[in-house]
Amino acid sequence: MSPVLPNQNSIDYGSNKHSQAQTSLGVVPSTSLGEGAGTVVTVKSYRWNRPKYSRNRRRIDIWVFVCAFLFKNWRNSRKWTYSGGFTPEKQAIRRRAQAIWIRENFLQLGPTFIKLGQLFSTRADLFPTEYVEELSKLQDRVPAFPYEQVKETIELDFGKPINQLFLSFDPTPLAAASLGQVHKAKLHSGEEVVVKVQRPGLKQLFTVDLAILRQIARYFQNHPKWGQNRDWLGIYEECCRILWEETDYLKEGRNADTFRRNFRGEDWVCVPRVYWKYASPKVLTLEYLPGIKISHYEAIEAAGLDRKVLARLGAKAYLQQILNGGFFHADPHPGNIAVNTEGALIFYDFGMMGQIENNIREGLMDTLLGIAQKNGDMVVNSLIDLGALVPTGDMTSVRRSVQFMLDNFMDKPFEEQSVDAISEDLYDIAYGQPFRFPATFTFVMRAFSTLEGVGKGLDPEFNFMEVAQPYAMQLMTNSNNPNGSTIFDELGKQAAQVGTAALGLPRRIDDTIDKLERGDLRVRVRSIESERVMRRLSAIQLGTNYTMLFSALLICATLLLVSEYEIIAAIAAIIALVPGWALFRLLKRLDRIDRMF
């Protein structure tokens, strides 16, 4: 199996002596480390990679970044900070520049933030589009660590000298990334393998970083603006789980074995084998399976392979993962998929996998049924059951948004839809609304979008939804269900539920009236006009206090100045500026209150 450092995209092994012959045809070994990770970076040394990097300095570096981010975010929302006057175009340029700045700083801050950025690039329901687009470009190019540390890690984990474990071991890494690096080796049995070794001190760095990130998440959770409709602590826990799982190479090995078993009957999919005798939590030895990277189109044509067939195979492989057991590759970018000379797909990097549970698939069936019927209420209710939508007091705006999407989504036939366009519409609706797309959902949507892009690169006429149509029908009819449940059974259950609800309606009305008579039921009536008046009265009262304080301090300063106490008068005048500024802000808030209601 190919050791792949998780969540990166493309590789160039041209500078490595083991792959010079292969890269001339676009052939890459089974060490897909991801975007930008192909060449070993040794020129620039990041602070986090230094041996004497202290915890206190780490805390300072992270909090400096957070404070700078908060300042930039505050400045971008203030119209008076724009030279020449505020325009939406200038604000968009600033947001784009800030997104680039965030991506560059994540790379500077090292492994934890690189992985965090890659995870956040799937959360368009939480972050602005500019942030998501830039974070999706995050290149994991970091310096390689010395061979002495590689040797020490391997010998410490296995308790044997490296020459007893391997017949040969190349000290020059094939590629390096934030979590580890990959070396080519040969076993005493003569088999060629690649050995993935974890970066020293990674878990200690994660421990320090995640403790700081918890504090940051708690701050955002309690923020009056950013904490609304956002479970930052829940997002933090999810990120922690994923990060710790990726540091366990034994789990990655088990993922690879499960993935290989799921495709054991398919000769058009190859999955590198794990050598468990040479595996530990920090070291993973995998079968050496070189192949042509799926985005090297010229090399694919030179090998005599049909690009149109490969485009459909990529989509087919992923759809089978979703339907057959729901165990799927969460990051199928071009760096993690290659093609052998016989036209079979080779999958790499099993550090990040997803699992769709049975109850989620049943909920998805309800969602699909609601979409097919263009029933916004059914879709919203199914999303609530799936945990993708948090119910609030007033769901009118959410239902209206979903219904609008359904009305426009169904204008074209299913096979003419674009996954990327559907994802964009979903995230546009979700951003700023109480949607909570689970990590599994966002991984699936990003994978679909990525595969659609890969397919179009191979075949400009490729349509992912066209390939997915029979699988979608299979999911809706639930043909894999051993009980034989079909869409007609589901319609029958819906009809039975409607009948039950109709028969029980008189009893429910009677119960409600009884509760009203006993006082057990409270009816809350919201008067928008009353709320506006109360807010305004409260603001005016506060403004009166500010005015009195400001006037008193100003009079005090004047009297002191007349009495020739200039220094004390100046201090009183400066103090008077505080309630004066608060009064100015309050007057502006009064205008906003009037516009809100």
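Which residue of strand 5 does Lys184 stand opposite? Lys184 stands opposite Val194. The views below are drawn from a predicted model.

**View 1. Strand 4 and strand 5 form a hairpin.** Strand 5 covers residues 192-198 and runs antiparallel to strand 4, with seven bridges joining the two. Five residues lie between these strands, and Gly190 in the turn has a positive phi of about 95°. Of the seven residues in strand 4 (residues 180-186), six are buried.

**View 2. Strand 4 also pairs with strand 2 and with strand 3.** Strand 2 (residues 168-169) pairs with strand 4 in the antiparallel sense over two bridges, and Phe169 has Ala185 as its bridge partner. Strand 3 (residues 175-176) is likewise antiparallel to strand 4, over two bridges; here Ala175 is partnered by Val182.

**View 3. Helix 2 meets helix 3.** The axes of helix 2 (residues 55-76) and helix 3 (residues 88-109) come within 11 Å and cross at roughly 175°. An angle over 145 degrees counts as roughly antiparallel, and the two helices are therefore roughly antiparallel to each other. Residues in the contact include Phe65 and Phe69 from helix 2, and Trp101 and Phe106 from helix 3. By class, the contact has eight nonpolar, five polar and five charged residues.

**View 4. The largest nonpolar core has 94 residues.** Leu345 and Phe464 have the most contacts inside this core. Helix 8 (residues 202-222) gives the most to the core, with ten residues. Among the residues that Leu345 touches are Trp268, Ile294, Leu310 and Val339. A second, separate core of 16 residues includes Phe145, Ile162, Val193 and Val283.

Key: Residues numbered from 1 in each chain as written. Predicted model: local features only at pLDDT ≥ 70, side-chain atom pairs only at ≥ 80, totals over all residues. Heavy atoms only, no water. Core = buried A, V, L, I, M, F, W, Y, C linked by side-chain atoms within 4.5 Å. Buried < 20%, exposed > 50% of the residue type's maximum accessible area, 1.4 Å probe, protein only. Helix = DSSP H or I, 4+ residues; strand = E, 2+ residues; numbered from the N terminus. Contact = heavy atoms within 4.5 Å. Axes fitted to C-alpha atoms, helices over the stretch in contact; angles between N-to-C directions. Parallel < 35°, antiparallel > 145°, perpendicular 65-115°, else oblique. Nonpolar A, V, L, I, M, F, W, Y, C, P; charged D, E, K, R; others polar. Pairing = 2+ DSSP bridges. Lists of a residue's contacts leave out its neighbours within four places in sequence.
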